[in-house]
Amino acid sequence: MKLLHDSYAEKLPGKLAEIERMWEAMANVAWGGAAFEELLRALHSLAGSGKTFGFPGVSEAARAAELALAGFGAANTAPGAEQRSRIQGLILGLRDSVNRV
């Protein structure tokens with residue numbers, strides 16, 4: 001189990017970088033489209049797997065970002081400036097959680 005834990009920890013920075021890249025790209029794509037769904041899947045995956053591999057803080061941070069984004073996909077609307085700022089803060093919180101690993 002230690003090997004799985006360590007392997008997962010090594011992959012976290014790459015997973016985070018991919019989520020951050022997808023979030024930045026959301027400024028240029030339609031909300032509710034394939035890119036948005038990919039971002040939600042990445043956050044959902046991290047939220048589920050983090051706790052499994054011993055990183056509950058990563059799971060909680062990813063889940064918070066996923067939930068904040070989910071409503072916009074369902075409504076097919078982009079968040080306003082204040083909402084974007086909140087989501088950006090949640091993604092920064094995810095980065096902090098990953099950096100503490």
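Helices here are DSSP runs of H or I with at least four residues, strands are runs of E with at least two, and both are numbered from the N terminus. The model is predicted: local features need pLDDT of at least 70, side-chain atom pairs count only at pLDDT 80 or more, and totals for chains, interfaces and linings use all residues. Residues are numbered from 1 along each chain as its sequence is written, and side-chain values use heavy atoms, with hydrogens and water left out.

Q: Is Ala 17 buried, partly exposed or exposed?
A: Ala 17 sits in helix 1. The cut-offs, with a 1.4 Å probe and protein chains only, are under 20% relative accessible area for buried, over 50% for exposed, and partly exposed in between. Ala 17 comes in at 42% relative accessibility, so the label is partly exposed.

Q: Are helix 1 and helix 4 roughly parallel or roughly antiparallel?
A: Axes are lines fitted to C-alpha atoms, for helices over the stretch in contact, and the angle between N-to-C directions runs from 0 to 180 degrees. Under 35 degrees is roughly parallel, over 145 roughly antiparallel, 65 to 115 roughly perpendicular, and the rest oblique. The axes of helix 1 (residues 2-25) and helix 4 (residues 81-99) come within 10 Å and cross at roughly 170°. That's why the pair is roughly antiparallel.

Q: How many residues in the contact of helix 1 with helix 4 are nonpolar?
A: Contact means heavy atoms within 4.5 Å, and the residues making it include Leu 16 and Trp 23 of helix 1 and Ile 91 and Arg 95 of helix 4. Ala, Val, Leu, Ile, Met, Phe, Trp, Tyr, Cys and Pro count as nonpolar, Asp, Glu, Lys and Arg as charged, and the others, Gly among them, as polar. Here that gives one polar, four charged and, for nonpolar, nine.

Q: What span does helix 2 reach from its first C-alpha to its last?
A: Helix 2 covers residues 34-52, which is 19 residues. The expected span is 1.5 Å times one less than the number of residues. That makes 27 Å expected, and the model is close to this, reaching 27 Å.

Q: Which residues does Ala 42 contact, leaving aside neighbours within four places in sequence?
A: Ala 42 lies in helix 2 and is partly exposed, at 21% relative accessible area. Ala 62, 20 residues away in sequence, is 8.9 Å away, C-alpha to C-alpha. The contacts of Ala 42 are Ile 19 and Met 22.

Q: Which residues does Ser 97 touch, not counting those up to four places away in sequence?
A: Ser 97 is part of helix 4. With 10% relative accessibility, this serine counts as buried. Ser 97 touches Gly 57, Val 58 and Ala 61.

Q: What distance separates the C-alpha atoms of Ala 78 and Met 26?
A: Ala 78 is in the loop between helix 3 and helix 4, partly exposed at 43%. Ala 78 touches Trp 31, Phe 72 and Arg 84, not counting residues up to four places away in sequence. Met 26 is 52 residues away along the chain, and the C-alpha separation is 9.0 Å.
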